[in-house]
Amino acid sequence: MKKFVFALVAMMLAAAVWAEGDQIRSFELLSRTQAEDPTEFQAAQLVAQEWRKLGLDVEHKAIPWEQLAQVVWFDRDPPDWDMTMWRMVGRPERSDPDELIYNLFHSSTADAGYNFIAYSNPEYDAVVEAQRVETDPDARQALIIQAQEILDRDQPNAFLVHPQQAYAYRSDIWDPATVVEQSGIGIKNFWTFVDAAPLTDQRDMILNSGVVVQAINPLYISGATDSWITELIWDRLLRISPEGLAEPWAAESYNWVDDTTIDVTLRSGMTWHDGEPVTVEDVVFSFQAPQGDESPMYKPFVSGIADIAALDENTVRFTLSQPSAAFLTATLAKINLVPLHIWGPILDDLSTKDENAESYQEEIPIGSGPFKYVNWLRSQEVVLEANTEHFSAPEIDRWILRIIPNAEASLGMLRSGELNFLSGYLGDPQVLVQTSEGQPIDVVASTEVGFRYVAFNHRAAPFDDPAFRRALSLALNRNFFVQAAYKGFAVPSNSPVSTALGFWTAPGITDLETGIELAKGILAEAGYTLDGRGRLHYPDGVTEQHGN
Amino acid sequence: MTGISRFGRRFLQMVFVLWAVATILFFLFRLAPGSPLAAYIEPTFTQEQQESILRRFGLDRPVHVQYGIYLLNLLKGDLGDSFHLSGSVASIVRDVFPYTIALTLVSLIIAYIIGVLAGAFLAWRRGSVFEGITIPLVLTTRAAPEFWLGMILLAFFSFKLGWFPAGGALSPGAEFPNNFARFFSFDFLRHLFLPGLTLAIYLHGLPLLLMLSNMLEIMQDDFVTMAEMKGLSTWTILVRHAARNALLPVVTAFALGVGYSIGGNVVVETVFSWPGLGRVLVRAVASSDYPLAQGAFFVIAVVMIFMNFIADLLYSSLDPRVSSGDAKH
């Protein structure tokens with residue numbers, strides 16, 4: 001008994017000596033529920049397990065997305081979370097790094113915008129502000145890389161992976177040489193839909209989506225699936241090319257007059273699907289419409305335009321309030337061209353009402369794009385047909401998007417030919433690969449522009465300490481996550497700029513040396529100590545701000 | 001008591017029930033945790049935009065004001081606009097309603113025809129080997145999860161044999177001159193077959209077991225013995241006398257089954273990618289789309305209350321002894 005008491009006292013003394021700061025509180029690592037996202041759930045379990053090895057008490061807690069969004073995204077004052085699994089999804093316009101590298105980490109967006117983790121670093125702010133107005137691509141590339149290096153040093157998040165999305169198509173129906181892989185997006189993209197050449201008399205492309213189409217509206221950014229449709233019905237002045245760069249589309253050419261002035265020449269001979277000609281007035285209207293209050297989701301993309309005017313019947317001049325490197329991608333390749341003769345009266349009417357253009361649904365949507373609207377049966381399908389008058393007329397006759405909520409059934413349909421392009425598959429990618437073996441089915445997995453990560457709330461210790469964040473991040477072996485959680489369908493990440501965007505990616509940024517011992521070393525160096533029970537304490541003098 | 005005041009009372013009762021349902025629905029969704037904006041936050045989103053969306057749907061006003069507007073609109077037959085899907089709640093429900101009704105009625109009618117006939121037959125063959133095999137089989141299909149049954153049928157009839165399409169209500173891009181042609185086309189029936197069969201197999205157990213137990217009970221009754229003594233044939237006794245009386249509870253079950261099945265087919269709808277109300281409803285609840293969820297539940301409540309009413313009517317025509325309680329005074 002005496003021995004025991006002695007040992008106890010010795011341990012307490014030892015604990016008091018070793019552990020100088022307060023014990024670090026217990027953490028909840030939030031994620032969506034297993035049903036909503038099994039991969040994220042699995043990754044969260046593994047992350048919590050790794051961090052417990054550092055002497056932290058981390059519990060994984062899964063809550064439905066609506067509640068997670070409320071806690072993490074909406075309730076910022078005061079925020080009530082420490083760490084959460086989070087994701088940024090890939091979109092064609094995110095192939096310019098500006099949106100993610102600026103909005104996610106610039107201190108100005110911490111209160112209400114994308115920087116929900118409240119990362120704040122004046123040096124970083126200056127670099128991303130500079131890249132925004134740098135119109136020379138090489139100089140801008142240097143700034144983008146510099147920004148990624150600052151993030152690598154500060155580790156505002158623990159970036160985990162850039163997922164790979166697998167799509168598949170019938171190689172006996174579509175000529176594989178005409179199926180285009182767009183960097184960061186995959187083979188399900190605008191270029192494939194326009195270019196795919198049929199090998200047989202099956203000239204209808206039949207695709208699938210697991211989620212319903214919410215709206216078909218050129219002035220509203222709704223569900224992800226909806227954007228596949230709007231891209232096809234409505235033209236844009238520029239398009240993001242398969243390589244990820246903004247290139248002339250409905251514009252024949254563009255010309256930077258100076259840093260803040262750009263002249264765009266409209267392609268001649270274009271018509272709307274109702275037969276009316278596409279004019280420069282339509283173009284001017286298309287960019288002015290979102291500047292009002294009728295299209296709030298598009299408003300940020302035109303807010304940098306100080307003035308827009310038609311110079312002659314083919315040319316439009318944009319004057320920017322300040323130089324903008326992302327203007328081509330984020331504005332000219334983003335805004336849908338809409339007919340003034342249709343939307344003018346609609347917007348006039350809406351301006352007197354509570355509703356805005358986002359809730360308006362045209363009976364028959366009219367654009368000028370390579371596909372025309374035919375029919376939309378809610379919860380069933382959307383049918384488009386080729387616009388043979390278009391300057392880039394599609395090879396296929398009809399584009400038919402089927403809503404198939406049953407992932408296993410969609411695989412069966414691909415094999416039977418009821419579908420000939422698997423454009424949405426949320427099931428296990430390994431099952432897709434197995435199903436396709438010995439079949440005329442090509443499976444193509446592409447690295448996404450988006451990424452999955454663990455976000456830290458920087459508003460409170462210990463997450464305000466870069467060394468602490470760095471230790472946590474380096475405790476995670478990315479390749480292990482790629483295999484264990486993502487079944488090989490992902491690549492390691494250490495940056496918001498996906499490796500899919502070759503030009504903008506900082507070389508070697510994902511070559512992270514990781515390991516539990518390495519992480520422990522970083523913590524020890526920063527003054528964090530372990531007590532006798534193996535629990536991590538703050539450095540000397542730092543006190544716990546939160547109760548447990 | 002006159003028939004008119006009886007009808008009036010019934011009507012008031014129905015209005016009261018509908019008001020109660022509407023009120024519960026309204027507060028149920030607003031008390032649920034989570035922001036209705038959550039489904040929106042992926043695109044670039046500022047504080048100003050969030051507020052504009054709240055304004056657009058009237059979510060910035062006090063709850064009692066929202067409630068008042070909601071009830072007023074309901075009176076006008078306006079179920080509001082969906083938060084996430086374009087168009088009014090009424091138009092969304094109207095679009096999927098025919099598919100729901102088609103699936104529900106076809107499978108229920110098949111299930112009840114088979115169930116009633118088989119139930120009567122089994123009562124007649126009480127104690128036979130046939131009954132010994134059939135009853136466990138019926139209990140198994142009734143207990144089997146619908147999605148499992150659906151996937152088995154899908155794997156066999158669609159993926160293996162290729163006889164039926166694997167999902168959807170119509171072939172890709174199929175065009176029809178009007179809705180009548182659409183819903184009575186061979187294409188539609190071909191698509192309806194597997195989901196209808198799955199649901200019918202799942203649903204037939206209830207009428208079968210109900211019919212069986214009623215028949216067994218009634219066949220002990222004096223009037224059946226009386227009929228036997230009169231020398232009537234077994235067939236006549238079974239169909240004309242016993243079955244008619246045994247049918248009463250089955251009719252009630254059928255009418256209520258329609259109401260229940262209208263919004264409750266979500267599993268079969270998902271397995272077969274059927275564009276029905278169940279999927280709309282589940283999605284609306286999951287994404288906090290209050291108006292759509294409220295509207296869909298309300299429509300289901302209306303159907304249920306209406307079917308209850310029909311069940312009452314059928315009851316009194318099938319059995320003259322049953323009429324309103326007032327008549328006995």
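**A helix of chain A and what lies beyond**

Guide: In this predicted model, the buried residues of helix H14 (residues 429-436) of chain A are Pro429(A), Leu432(A) and Ser436(A).

Visitor: Within what arc do the buried residues of H14(A) fall, seen down the axis?
Guide: The buried residues in question are Pro429(A), Leu432(A) and Ser436(A). They line one face of H14(A), because their directions seen down the axis fall within an arc of 55°.

Visitor: Which exposed residues does the face of H14(A) turned away from its buried side carry?
Guide: The buried side of H14(A) is covered by elements that include strand E4 (157-170), helix H13 (407-416) and strand E16 (441-447) of chain A. The face turned away from that side carries the exposed residues Gln430(A) and Gln434(A).

Visitor: Which residue that follows H14(A) has a positive phi?
Guide: The phi in question is near 75°. The residue that has it is Gly438(A).

Visitor: How many residues of strand E5 of chain A are buried?
Guide: Strand E5 covers residues 204-209 of chain A, and it is largely enclosed by the rest of the structure, because most of its residues pass the burial test: 5 of the 6. The cut-off for buried is 20 or more other C-beta atoms within 10 Å. The number of buried residues in E5(A) is 5.

Visitor: Which residue of E14(A) stands opposite Ser209(A)?
Guide: E5(A) pairs with strand E14 (residues 398-403) of chain A in the parallel sense, over 6 bridges. In E14(A), the residue opposite Ser209(A) is Ile403(A).

Visitor: What distance separates the centres of domain 2 and domain 3 of chain A?
Guide: The domain assignment gives domain 2 as 165-228 + 367-446 and domain 3 as 238-347. In the contact between them, 17 residues of domain 2 of chain A meet 19 residues of domain 3 of chain A. The domain 2 side has 8 nonpolar, 6 polar and 3 charged residues. Taken over C-alpha atoms, the separation of the two centres is 28 Å.

Visitor: How many helices does chain B have?
Guide: From the N terminus on, the elements of chain B run α-α-α-α-α-α-α-α-α-α-α-α-α-α. Chain B has 0 strands, and its number of helices is 14.

Visitor: What span does helix H3 of chain B reach from its first C-alpha to its last?
Guide: Helix H3 (residues 63-75) of chain B has 13 residues. At 1.5 Å a residue, 18 Å is expected. The span of H3(B) is close to that, at 18 Å.

Visitor: Is Gly150(B) buried or exposed?
Guide: Gly150(B) has its place in helix H6 of chain B. Leaving aside neighbours within four places in sequence, Gly150(B) is in contact with Thr198(B), Val268(B), Val271(B) and Phe272(B). Because it has 26 C-beta neighbours inside 10 Å, Gly150(B) counts as buried.

Visitor: Which element gives the most to the side of chain B that touches chain A?
Guide: The contact takes 42 residues from chain B and 44 residues from chain A. The elements that give two or more residues to the chain B side include helix H2 (47-56), helix H4 (89-124) and helix H6 (146-160) of chain B. With 4 residues, the element that gives the most is H2(B).

Key
Residues numbered from 1 in each chain as written. Chains lettered and ligands numbered in written order. Predicted model: local features only at pLDDT ≥ 70, side-chain atom pairs only at ≥ 80, totals over all residues. Contact = placed C-beta atoms within 7 Å. Domains from an automatic or database assignment. Nonpolar A, V, L, I, M, F, W, Y, C, P; charged D, E, K, R; others polar. Buried ≥ 20, exposed ≤ 12 C-beta atoms within 10 Å, placed from the backbone. Pairing = 2+ DSSP bridges. Expected span 1.5 Å × (residues − 1). Arc of directions from axis to C-beta.
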